[in-house]
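The entries follow in the order in which I looked things up.

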Amino acid sequence: MKMNNNPAPHIRTEQKSRHMIMDVLIAASVLYVFSVFNYGMRPVYIGLLSILSSVTCEAICCLIRRRSLRTLLDGSAAVTGALIGLVMSPMVAYWVPMVGSAFAVLVVKAPFGGYGRNVFNPAAAGIALLSYCTPQRMFTYPAIGAGMQLPLDMELTAQDASVGTSLAAQIRDGATPTVNRLHLLLGDFVGPIGATATVILLACAAYFIIRRTASAWTILPYLITCVLCAWCTPCTGLDTLHSILAQMCAGYVLFAGVFLLNDPVTAPRFWLGRILYGVFAGALTMLLQQVGRMEAGSCFAILIVNALSPIIDRWSYYGWRNITRLLRIRREVKAHE
Amino acid sequence: MGMFLNGVVLPFQKGNAPLNKIEDFRAQSSVRVPLVRLDMDTPVPSLPFEENASVAAGSVLYKEDNELPVLAPVAGTFGGTVVLQHPQYGKLLCAELIPGDGDEETLPVIPTEKLTPDDIIRIATEAAIYDELDGVPLAEKLACWQLPENDVASPNYVLVADATENDVFGSSAWAILDEEPEAALLGLQLAAKAMRFTRYHIATMLPKDKRRALKRAINRINVYTVADEYPVTQYADPRDEVFRIGIQACLALAKAVQEGRKSLTAVVTVAGDGVIYSRNLRVPYGANVADILAACNVTIEVDVVLGDAMTGIACPDTHTPLLPGTTTLLVMKPKAARVPQPCIGCGRCATVCHAQLLPYEIVRRAENMHFERLRRLTAQLCDGCGACSYICPADRDVAAAVLRAGETSGPVFLNWGGNEDE
């Protein structure tokens, strides 16, 4: 008779890691569907090719490390690809996201031991590489609003499509953003495939928090810090609320906060550490948006705080524990007197 | 702080067991009573019985100095001794009894008013009452916690009878509170008298209707309702110092004092998806698990766990006696082996840890053999409640790893590589 010899507990919670990953994929697919209305099928192909590239690279890594190919089913590689696809320009050449995904998996994720052990967020690193190497392709966006159905089969350059200036570029150059509030909320402005849909991104954040896929301790401090920073550095020619909204929608600020920052592998685990991490990431993001040349400032900010997250985690835990101990000792001394 | 650091809320799977009466279970094949734990140099004791001698229930089989007497839980014939491997207690030398008919030996009854604290402890010893929470003799706990004579009890000391059943399947304490609440309360009062405590209450986690019925049956100030989470961290007001005994031990103490009956049985919940419906059985100590399964009409292949879902120990051999300290027998359909995934760092283990540890960090450092850095994380404070393993979305055995780390982070291990203590 074969008997179970597992250690206790003998029942487990129903929510597994693969459900958390599926949640991210579901949220990303909503953003892809949204982009179809803006740009036609081209963003979907960009995303699929990006996912194909990351999954293929993951499979290669599995073969090299003699792991079962079943580890692909956890979906983490697909998430990396999908997220990289979401921040591409709709007119980007198909090979660009594929290169980014391959870099993310082959260089940033696999050498550290694969999913669960990577130090940096692979998607953020892939985006950072692309924005550093091919800024021309990454940050050339088609002007939106003409009911644009981008052609699928040709490589687009700045000369082909009618090119618009992105919101982030407008803010960075000190110009007055030309998008009104409603369009900012609906995502009807020039920018990357999935990072402009403000309302959908906020809905994704709420979905993650409700499903406990992401922690509110990270998202909310990040967003609050970003809002405060935006409030301190208003755009010229806009009222306060409009200015804050414009800065939050520019570049990848919101997208990074919802999708990249919440990768549990690279974030701190302790709640106080998460708050500090969110605050720090938010402040750094807004700083890089203001002074950096890149629109992808938030990706660089996230890579920097990723490197710091183990320290933030540890120090916040020890600090919190010591404070509570001191308080308890004081309470006991008082009770004794 | 309670806002951030909580236990887990477990699914309610107690089923119908708490609604029905406690059923009596008659041992069929054999009853095995452990006499001594066999270590390397334990001498094998000689028993005052010949083989096939008839034994009365409650008669003393074996007695060691300063230990509880080993009683015969059932009447029957003595069938010799056997050595067996118990998953909880290791290698045991057991006396085997073949159940039959016979009398039950009782203790002399002393009127309750005339009892002194030491009398109560003596009765708890002679009646061989074990605390079902941890299998420790009740007399040992009472004697250990007893306040000196003429000492004024601190107003913060409170004796708690634990009837929470905060685990997933167990409901034996609920059934006892349903059937004999007054006797259980009397036992608790006697235990408090033995310890010279002035404050005591029964801690419960009952559904509303049962709680109301209980408060109708006994004085409501003796009932304390704990928060519905696992593990329970507050059995009384946060300022109080809690001393905890089991409700079954209280009941057994009341029976021993009032009727002179020795403690020979335990109420055990048999539950899980391997049985058709869960029930509470009054089982003599030492009864065979296989017999209990047969009485519950279990015919399929099942996995048996001694104890409840969160902390129970898998029982690989069904010919194992049920010993004090077990109030739940979990019968599960065999499941595919769990495959642990890599830790994704969701941090839920730290959120649910009531000891405020960082389980993921402890496990990581233990896996990387950073023992010198392990000490600051105080893994030895873990009591193995299993909430972190339960909540882990990657199916990892976090609690087991933390317990191991707690054992290995002692000073002996640290001195191997580090020079922190030198």
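I started with B:Leu186 and asked: is B:Leu186 buried or exposed? B:Leu186 has 20 C-beta neighbours inside 10 Å, so it counts as buried. The cut-offs, with C-beta atoms placed from the backbone, are 20 or more other C-beta atoms within 10 Å for buried, 12 or fewer for exposed, and in between for partly exposed. I found B:Leu186 in helix H4 of chain B, residues 181-195. Helices (H or I, at least four residues) and strands (E, at least two) are DSSP runs, numbered from the N terminus. I also checked B:Leu186 against B:Cys385: they are 199 residues apart in sequence, and their C-alpha atoms are 30 Å apart in space.

A note on the source: this is a predicted model, in which local features need pLDDT of at least 70 and side-chain atom pairs count only at pLDDT 80 or more, while totals for chains, interfaces and linings use all residues. Residues are numbered from 1 along each chain as its sequence is written, and chains are lettered from A and ligands numbered from 1 in the order in which they are written.

Next I looked at chain B as a whole. I noted 13 helices and 16 strands. The radius of gyration of chain B is 22 Å, close to the 22 Å from the globule rule for 422 residues, so chain B is as compact as a globular protein of that length. The radius is taken over C-alpha atoms, and the rule is 2.2 Å times the number of residues to the power 0.38. Of the 422 residues in chain B, 48% are buried.

Then I looked up the domains of chain B, which are domain 1 (112-258) and domain 2 (348-417). Their bounds come from an automatic or database domain assignment. The C-alpha centres of the two domains lie 32 Å apart.

I asked which residues have the most contacts inside the largest nonpolar core. They are A:Cys299, B:Ala184, B:Ala191, B:Cys250 and B:Leu253, in a core of 234 residues. Both domains of chain B give residues to this core, so it lies between them. Such a core is a set of buried Ala, Val, Leu, Ile, Met, Phe, Trp, Tyr and Cys residues joined through C-beta atoms within 7 Å. For B:Ala191 I listed contacts beyond four places in sequence: B:Leu142, B:Leu159, B:Ile245, B:Cys250 and B:Leu253. Contact means that two C-beta atoms, placed from the backbone, lie within 7 Å.

I turned to chain A, which has 14 helices and two strands. Of its 337 residues, 51% are buried. Helix H1(A) has 23 residues and reaches 33 Å from its first C-alpha to its last, close to the 33 Å expected; the expected span is 1.5 Å times one less than the number of residues. Its buried residues include A:Met20, A:Val24 and A:Leu31. The buried residues of H1(A) pack against helices H2 (42-64), H3 (76-86), H9 (198-210) and H12 (253-260) of chain A. After H1(A) comes A:Gly40, with a positive phi near 80°.

Last, I looked at where the chains touch: 30 residues of chain A are in contact with 37 residues of chain B. On the chain A side, H14(A) gives the most, with three residues.
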